[in-house]
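User: Could you take a close look at the side-chain packing in this one? I'd like the aromatic rings first, then whatever surrounds them.

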Amino acid sequence: MSKWKIVADSGCDYRQLANLAPDTEFISVPLTIQVGEQAFVDDASLDIDHMMEVMEASKSAAGSACPSPQAYQAAFEGAENIIVVTITGGLSGSFNAARVARDMYIEEHPDVNIHLIDSLSASGEMDLLVDEINRLIGAGLDFPQVVEAITHYRE
């Protein structure tokens, strides 16, 4: 069991994180891009060129779907302290899915700490939050200290 998990949806640019703090794991939970009848999972295996070809050939608008609460719950498995960073709630239901997942997960694992962060952004700003969380964990802060520090950092 890892002590820490940093979980981010794929609104974050990272699919893996170099130089992880000790006893820490990074998990990317993918969003899905829907183009017509085709669904593209935004993970490391996504063929962006093919997706763009399908988008250009499609007469329908592309859309996206947030990760399911079950996808978040699977990402939470095996950690004592979990910090989740989601793409802005203004663009996606990812934060709400993570909140539902947290509430269900804590019912079965009451000793686990989970903190959710709506990045209020996407991409680079999410990356900065993830990097800072990793740095704070590496500095030896405990869960409440990490939560307090990252809350101030995001503001």
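Analyst: Here's a walk through the ring pairs, the nonpolar cores and the salt bridges.

Some housekeeping first: this is a predicted model, where local features need pLDDT of at least 70, side-chain atom pairs count only at pLDDT 80 or more, and totals for chains, interfaces and linings use all residues. Residues are numbered from 1 along each chain as its sequence is written, and side-chain values use heavy atoms, with hydrogens and water left out.

On to the rings. A pair of aromatic rings is described by the distance of the centres and the angle of the planes. Rings of Phe, Tyr and Trp (its six-membered ring) pair if their centres lie within 6.5 Å; planes under 30 degrees apart are stacked, over 60 edge-to-face, and the rest tilted. That gives 3 aromatic pairs. One of them is Tyr72 with Phe76, a tilted pair at 6.3 Å centre to centre and 40° between the planes. Both sit in helix H2 (residues 69-76), 4 residues apart, about one turn of the helix. Helices here are DSSP runs (H or I, at least four residues), strands likewise (E, at least two), numbered from the N terminus. Tyr72 has a relative accessible area of 0%, and Phe76 is buried at 0% as well. For the cut-offs, buried means under 20% relative accessible area, exposed over 50%, and partly exposed in between (1.4 Å probe, protein chains only).

Phe76 also pairs with Tyr105, edge-to-face this time, at 5.5 Å centre to centre and 80° between the planes. This one links distant parts of the chain, since Phe76 is in helix H2 and Tyr105 in helix H3 (residues 94-108), 29 residues apart. Phe76 and Tyr105 are both buried. Put together, ring pairs join Tyr72, Phe76 and Tyr105 into a cluster.

Next, the nonpolar packing. A nonpolar core is a set of buried Ala, Val, Leu, Ile, Met, Phe, Trp, Tyr and Cys residues joined through side-chain atoms within 4.5 Å. The largest has 21 residues, and Ile6, Ile83, Val85, Ile117, Val130, Ile133 and Ile137 touch the most other members. Elements giving two or more residues to this core are E1, strand E6 (79-86), H4 and helix H5 (143-154). H4 supplies the largest share, 6 residues. Zooming in on Val130 and skipping its neighbours within four places in sequence, you find it in contact (heavy atoms within 4.5 Å) with Ile6, Ala8, Cys12, Tyr14, Leu17, Phe26 and Val85. A second, separate core of 17 residues includes Val29, Tyr72, Val84 and Val112.

Finally, the charged pairs. There are 4 salt bridges (a side-chain nitrogen of Lys or Arg within 4 Å of a carboxyl oxygen of Asp or Glu). Among them, Asp42 meets Arg15 at 3.2 Å, N to O. Asp42 lies in the loop between strand E4 (38-41) and helix H1 (48-57), and Arg15 in the loop between strand E1 (2-9) and strand E2 (24-29), so the pair ties together parts 27 residues apart in sequence. Asp42 is buried at 15% relative accessibility, while Arg15 is partly exposed at 29%.

Arg135 is partly exposed at 48%, whereas Glu132 is buried at 15%. Asp103 and Arg102 also form a salt bridge, at 3.1 Å, N to O. Asp103 is partly exposed at 39%, and Arg102 is partly exposed at 21%.
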